Amino acid sequence: MVSSMRACFAAVLVFLLASNGFLSDVDAAGECGKTPIRSAAASLSPCLTAVGNVRASVPPACCSKVGALIKTAPKCLCAVLLSPLAMQAGIKPGIAITIPKRCNIKNRPVGKKCGRYTVP
């Protein structure tokens, strides 16, 4: 009885250790790489004036940040725009997704889907 309890305990311990390692690896590489989505969103703070109105001018600092983000982690922009954090901040994804075009970023992912939105 004691040996079967030890075997069961050992099996559970191995499972927990293995699953913990797997979960750590999953958390380490999201759409924004190792950068937490909150940090990626904060880096786009210069864009706040342009995400509420499609006719608003986009600040050069915003264009620079968005261009760099698209170059290093193109899926990250979409993840940030569709995140609960963006929704809480009142960001309108349908308008925000137009920023790369409004910035005239040449290598933007044109025609890619971002949730229910398509990148222009």
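Predicted model: local features only at pLDDT ≥ 70, side-chain atom pairs only at ≥ 80, totals over all residues.

A residue is called buried when its relative accessible area is under 20%.

Now the disulfides. How many does the structure hold? It holds 4. Count the bonded cysteines along the chain, and the pattern reads 1-5, 2-3, 4-7, 6-8.

Start with Cys78 and Cys114. They are joined, S to S, at 2.1 Å. The torsion about that S-S bond is about 115°, so this disulfide is right-handed. Cys78 sits in helix H4 and Cys114 in strand E1, so the bond ties together parts 36 residues apart in sequence.

Next, Cys32 and Cys76, with an S to S distance of 1.9 Å. This link is right-handed too, with 90° about the S-S bond. Cys32 lies in the loop between helices H1 and H2, and Cys76 in helix H4, so parts 44 residues apart in sequence are tied together. Cys76 has 1% relative accessibility, so it counts as buried.

Then Cys63 to Cys103, at 2.1 Å S to S. This one is left-handed, at -80°. Cys63 is in helix H3, and Cys103 is in the loop between H7 and E1.

Most residues other than glycine have a negative phi.

Last stop: Thr98, in the loop between helices H6 and H7. Its side chain reaches the backbone oxygen of Ile95 at 2.5 Å.

Terms used
Residues numbered from 1 in each chain as written. Heavy atoms only, no water. Helix = DSSP H or I, 4+ residues; strand = E, 2+ residues; numbered from the N terminus. Polar contact = N/O pair within 3.5 Å; in protein donor to acceptor, adjacent residues only side chain to side chain. Disulfide = S-S within 2.5 Å. Buried < 20%, exposed > 50% of the residue type's maximum accessible area, 1.4 Å probe, protein only.
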